[in-house]
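Trainee: I would like to learn how to read the features of a model such as this one. Please take them one at a time.

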Amino acid sequence: MNENCLLRLGFTRSDLPLVRARVAESLFRAGVSEPVRGTFVQAALEIACNAIVHGGGSGHLVLHVTDGELLCEVTDHGPGLPGNGTAQATSTHSNPGLRLAEALTGRLKLCRGPGGQGTSATLAVRLEAVSN
């Protein structure tokens, strides 16, 4: 697996403007085109906000490129997902922020954290679809 980490960032509610700026800056440095960069930043902010509101008030974001895909993973320490712990956002959630994040990127995966606590939300797009 070929991985290139672009950003690691812990955050709380007051850090959300910083999350937006740091993700945008990291995507700019990686050569992601402006229209796609703006869309991906908005999707990343949506899952970060979801971690704040539903996941215990804080989260951790990792932005990286792995095997030709741009991924943004946000983890939190909230109560976790109901059911078996993995879901596609639109199939099991009525959360509008998660639906928007998936609509903006085309792919959103949710997983329950270890011991059923916390959630990991991962956005992904193919790199060739987002580069200049």
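Trainee: Which residues are exposed on the other side of H1?

Mentor: Burial is a matter of relative accessible area: buried is under 20%, exposed is over 50%, and partly exposed lies in between, with a 1.4 Å probe and protein chains only. In H1, the exposed residues on that other side are Pro-17, Phe-28 and Arg-29. Before going on, note that this is a predicted model, where local features need pLDDT of at least 70, side-chain atom pairs count only at pLDDT 80 or more, and totals for chains, interfaces and linings use all residues. Residues are numbered from 1 along each chain as its sequence is written, and side-chain values use heavy atoms, with hydrogens and water left out.

Trainee: Which residues of H1 are buried?

Mentor: They are Leu-16, Val-19, Val-23, Ser-26 and Leu-27. Viewed down the helix axis, these buried residues of H1 fall within an arc of 95°, so they line one face of the helix. The arc is taken from the directions that run from the helix axis to the C-beta atoms.

Trainee: What covers the buried residues of H1?

Mentor: Contact means heavy atoms within 4.5 Å. The cover includes strand S1 (3-12), helix H2 (34-54), strand S2 (58-66) and strand S3 (69-75).

Trainee: What should the 14 residues of helix H1 span?

Mentor: The expected span of a helix is 1.5 Å times one less than its number of residues. For residues 16-29 that gives 20 Å, and the end C-alpha atoms of H1 are 20 Å apart, which agrees. Just after H1, Gly-31 takes a positive phi of about 85°.

Trainee: How many helices and strands does the protein chain have?

Mentor: Both are DSSP runs numbered from the N terminus: helices are H or I with at least four residues, strands are E with at least two. The count is 4 helices and 6 strands, and their pattern along the sequence is β-α-α-β-β-β-α-α-β-β. Of the 132 residues in the chain, 47% count as buried. Among contacts between residues at least 6 apart in sequence, 65% join residues at least 24 apart.

Trainee: How many salt bridges does a search of the whole structure find?

Mentor: A salt bridge needs a side-chain nitrogen of Lys or Arg within 4 Å of a carboxyl oxygen of Asp or Glu. The search finds 3. One of them joins the side chains of Arg-29 and Glu-25 at 2.9 Å, N to O. These two are 4 residues apart in helix H1, which puts about one helical turn between them. Arg-29 counts as exposed because its relative accessibility is 54%, whereas Glu-25, at 40%, counts as partly exposed.

Trainee: Where do Arg-37 and Glu-34 lie?

Mentor: Both are in helix H2, 3 residues apart, about one turn of the helix.

Trainee: Which residue forms a salt bridge with Glu-69?

Mentor: The partner is Arg-107, and the closest N and O atoms are 2.5 Å apart. This pair links distant parts of the chain: Glu-69 is in strand S3, and Arg-107 is in the loop between helix H4 (96-105) and strand S5 (108-112), 38 residues apart. Glu-69 is buried at 15% relative accessibility, while Arg-107 is partly exposed at 38%.

Trainee: Which side chain of opposite charge is nearest to Glu-46?

Mentor: For charge, Lys and Arg count as positive and Asp and Glu as negative, while His and the chain ends are not counted. Glu-46 lies in helix H2. It is buried yet has no salt bridge, and the nearest side chain of opposite charge is Arg-20, 6.8 Å away. Leaving aside residues up to four places away in sequence, Glu-46 touches Gly-97, Leu-100 and Ala-101.

Trainee: Which residues of H4 are buried?

Mentor: They are Gly-97, Leu-98, Ala-101, Glu-102 and Thr-105. Seen down the axis of H4, these fall within an arc of 135°, so they line one face of the helix. On the other side of H4, Pro-96 and Ala-103 are exposed.

Trainee: What does the count of disulfides come to?

Mentor: A disulfide is a pair of cysteine sulfur atoms within 2.5 Å. By this rule the count is 0. As for individual cysteines, Cys-5 is partly exposed at 34% relative accessibility, and Cys-111 is partly exposed with a relative accessible area of 22%.
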